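This briefing concerns strands and how they pair into sheets. Please look at the structure below before reading on.

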Amino acid sequence: IYNYDDGSFIFMMIRRRFFTVFAVLFFRTTTAQYGEDTNQYKLGIAQQQELLTEEIESLPDVNYYFFPQRQFLYANSYTFDFLSASSYRIGILIDPCRFNSYNCCMNVFGSAEYPAALKSGIEQERYFKYIIISNESEISSNYYLVYEDGSKVLTTADRTADDDAVYDLSCVSKSVPTSNCQGRNYALQRSVYRPPCMDNNQTLNAIAGCTYPDGTPGTNCFQVAYSSNVFSVQCAADDGHCGTYLEVHIPHGTPYEPDENTVIAEVKVDQRNVSGFYTTVMPSTYMFNASKVLCSYAESVYRIGSLVYVRPTAPVCCCPQPYQSTTRIGSFQCPIGADGVGAFASKFQSLADVLSVDSLLLNYPFCPIDLSYNQDRMMCSVYDMHDRRHYTRNCSAAYKSDPLRTRSWTSVDLLSQYDDACPYYTSCAKTLDQGKCRAGDLKFSFIGRVGVITKLDNTQVIPQAWVSFNNLRTSYQFSQVDLQLETTSKSMYEIWWVVRSYTGFTVKKRKAFNVSFPACTFDTTNDRYFPYAILQNGEPQPNSIVP
């Protein structure tokens, strides 16, 4: 008997009279797992052929021949996936051995400490407060030490040396004429002794030169120390599209390079794993041009993409009284975002944002629009006496109730009357009473906020600008006199920790730093500064006479 399932023969000798089996013998026609003429054998061969074909087609020399559409995946686009506190850590230090031996931060541990000024001098109305780092000559009585995340450094963990006491004939008494004075002819000054492996990201000299890890001196470069408590991605191919890189970028770009994704300088991380910090060298040249270097850059004119701060002179509006959870009545802004609502609700940046917003959407009051809408609304929750339920609707538009009286702008939902129409929401009214709202109405303004210019109109008598506060989802119109270029909270440059692959570049960390010298070269043609200094015979030039 031939078995077609597995290719075996079965011989059976049966005694007819008693119908009992006398002997059974099994044997196969081949020593393989399956016979060549079986379905299992054919299936196995087909599967192995598919695997071999897939392996051949994946080889870099023929991959695009079989899959020409994959060439579009060879992208340099950036995505931002910053590390959470529970994930692994990445550390970056700028010029870490300025006051020590060139190899002071090579395979050693260290925690950077930053002197936060006790008197920051930032605007009182600024919405987001931030830490101002003191200059490197400031004495300890004028600052307190913080870590990179802003947390205070305990005295027991302080690595910074005590100030030096010096004889100073200019001192008359304590703090007279300067805060360094501690009494007559007695002053304090910052110690010349600095701990190794510290961050000097506020005062980088781009033409001071540097020393490579092997002791070789270099020009137009600076040291960068990095640490990571996981392996750094390494690739066999050295084509610039795979591996881990440190890249220099200009936040929000410049008039010459509007895209902040433009790489100004870069160095490849060649260590798969490090113990503590490892020091490498970053070129300080501008976009790999030996005659241009990084400089002390700050924008001087408005442009699309400029970061601006809204001054206290900007309009203030009064909107319907804010929503109260106890009464379920009042106004609220839509849509809802992970980082704010209405004009401050940015589009989703990560899966965590999506999950956060999903949970917020379950709570009353409900928004009729989401982040896919390029508009913001002022909504009102009201109570229907007949249906005896609460519901949400668009807040009523403001109107001028008395044409003969200036302060007569009101609406069904506003509790008081105001001076003019609001430039932000039609359901609100503009107040000229020193920014005050009356009778419980909600005060709304962009004063103290920082946004990005999306449009400019310099043809009007009072030049106008449109500014976005939600990652370009919506924009609002301002007079340019109510804005100022943001320079205090914006760093000149950033170093990005980038993991590159053939399908895109992933940014894991952004480290801010400023250049204190040299000054930027002035562009005499466009009447503004270049974002770099032009060198002639190694010396920075003050203007663009040099081509």
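Strands S9 and S10 (residues 186–189) are paired antiparallel through two bridges. A strand here is a DSSP run of E with at least two residues, numbered from the N terminus, and two strands count as paired if DSSP finds at least two bridges between them. The model is predicted, so local features need pLDDT of at least 70 and side-chain atom pairs count only at pLDDT 80 or more, while totals for chains, interfaces and linings use all residues. Residues are numbered from 1 along each chain as its sequence is written, and side-chain values use heavy atoms, without hydrogens and water.

**The sheet of S8, S10 and S9**
- Cys181 has Ala187 in S10 as its bridge partner.
- The open sheet consists of three strands in the order S8-S10-S9, with antiparallel pairing.
- Strand S8 (164–167) and strand S9 (181–183) are at the edges with a single partner strand each, so one side of each has no neighbour in the sheet.
- From one strand to the next, the twist averages 35°, with axes taken as lines fitted to C-alpha atoms and angles running from 0 to 180 degrees between N-to-C directions.

**Strand S21 and its partners**
- S21 is joined to strand S28 (residues 429–431) by three bridges, and the two run antiparallel.
- Within S28, Lys430 is the bridge partner of Cys317.
- S21 also pairs antiparallel with strand S29 (residues 442–444), over three bridges.
- Within S29, Leu442 is the bridge partner of Cys319.

**The two faces of S21**
- In a regular strand, side chains alternate between the two faces of the sheet.
- In S21 (residues 316–319), Val316 and Cys318 lie on one side and Cys317 and Cys319 on the other, and all are buried (under 20% relative accessible area, with a 1.4 Å probe and protein chains only).

Note on methods
Buried means under 20% relative accessible area, exposed over 50%, partly exposed in between (1.4 Å probe, protein chains only). Helices (H or I, at least four residues) and strands (E, at least two) are DSSP runs, numbered from the N terminus.
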